[in-house]
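Please have a look at the fold before reading on.

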Amino acid sequence: MIDHQRTPLFSALLEHVQRQPHQFHIPGHKKGEGMERGFKSFIGDNALSIDLINIAPLDDLHQPTGVIGEAQRLAALAFGAEYTLFSVQGTSGAIMTMIMTVCGPGDKIIVPRNLHKSILSAIIFSGAKPVFVSPERDKKLGIDHGISVRSVKKAIEMHPDAKAVLVINPTYFGVCTNLQAMVETAHRYRIPVLVDEAHGALLHFHDKLPMSAMQAGADMAATSMHKLGGSLTQSSLLHVREGLVSVKRAQTLFSMLTTTSTSYILLASLDAARKNLATRGREMAERTIRLAQEARRKINEIPGLFCFGEEILWTETAYDFDPTKLTIHVRGLGMTGYEAENRLRDRHNLEVELSDLYNILCLITPADTEESIAVLLRSLEELAKERGSGRQAAERDIRLPDIPQLSLTPRDAFYGDTEKIPFRESAGRIIAESIYVYPPGIPILLPGEVIGERHIDYIADHLEVGLPVKGPEDLTLREVKVIVEANAIF
């Protein structure tokens, strides 16, 4: 019988602390006694007492046969997976594990162009060759949705030897593609589907939320419990379904990518968060959805602001959405999202999740209350009054240039012989680093791609208006790192 009231790992830690064993092992602070006094006082005795390592009574994350293994099995049952691994390397570590489980040097993987840096890192480490699929762009809102089933099917037909399809679902803004149809499409070709589910910890626990990766039949999914599920920062889950992927290989890769000094505080927080979601998840999600929907309704009554809801669901890539994400479009106030974020911080002591050219994103979670929502609404109302409405922020052309030609695998480019040259003179050269422009946060150039004049112009235009450029070693982009070209031999 499944008993989700149990917390095998957390309970084992508490029992261990009650025994008060004499510690002659790391960590060297030994329950805080060897620590700076002010820091110890702030953190507290309880937390420091369970900052332990993999001694026998507490099991070992790298070879779990005891309480960690039991806690992971309960998490798998809670999320509808066959196996679940606890990650203390964040969702980034889980994503890298997914990709490296199925891809080796030269293997193709179908990935969305708006990939997270952890996806690129795994592609570089594994030596895989990415096959990029462009996400759908919402021109009105200036945000990217997911990738379509149709585009993935086309990519598979062109590359039937692909080792996996990776999907970001939901997007940062809570928008979902038809994941079940995508899984069914890939599985017809015996290709596994890996899901970056960083922003979907609550999905599995309420039928008013989009379908979770495991419900859709995905083979692997990386779920950020710390983002929305109630665990501590840097703790995440990796779900696995045996068949098209090997659980044993996933465990091996996971161990290779994970510190041997695993944090038991993070692991215990995953165990406790699983209990909370498994026993109270529906109730927590129901209340969170209600608060978010009420906030959305009231935000849309504020002149100059717009927060999208179900009306966005009319395209193949906007198939469903998570209403707990409040994407607030501020162009009607005559300001950018960056300006709105700074004003909310400086004048109202309020921090948002992110901002871009036209939007700010606010996350409503089970931690929110009627009071916290009231603070948000009051701050937004004052923001609108301060700036006035009816003016539109200057509209910028944020159409992306075409995806460049990939001439080397990202790994070969990253580890190749490189030199730095003036960025303005780099057309035709193979780049050895990444360049992302915000918005929209999609990489313009990745290692191994050929730089074109259109890419230089696009990036230069964004730099001139002060929009952020990330990725290159030289953030001013006076110089760019490219592959050394050998002289011809005659």
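The report below covers a helix, a sheet and a loop residue.

This is a predicted model, where local features need pLDDT of at least 70, side-chain atom pairs count only at pLDDT 80 or more, and totals for chains, interfaces and linings use all residues. Residues are numbered from 1 along each chain as its sequence is written, and side-chain values use heavy atoms, with hydrogens and water left out.

Let's start with the helix. Helices (H or I, at least four residues) and strands (E, at least two) are DSSP runs numbered from the N terminus. Helix α4 (67-79) reaches 19 Å from its first C-alpha to its last, close to the 18 Å expected (1.5 Å times one less than its number of residues). Of its 13 residues, 10 are buried, so α4 is largely enclosed by the rest of the structure; buried means under 20% relative accessible area with a 1.4 Å probe, protein chains only. Among them are Val-67, Leu-74 and Phe-79.

Just after α4, Gly-80 takes a positive phi of about 75 degrees.

Now the sheet: four strands form an open sheet in the order β11-β13-β15-β14, with antiparallel pairing (two strands pair if DSSP finds at least two bridges between them). Its edge strands are β11 (306-307) and β14 (354-355). Strands β13 and β15 are joined by 5 bridges, and Lys-325 has Leu-363 as its bridge partner in β15.

Finally, Ser-426 lies in the loop between β16 and β17. Ser-426 is buried, at 0% relative accessible area, and touches Ile-421, Ile-451, Ile-456 and Val-480, not counting residues up to four places away in sequence.

Key:
Buried means under 20% relative accessible area, exposed over 50%, partly exposed in between (1.4 Å probe, protein chains only). Contact means heavy atoms within 4.5 Å.
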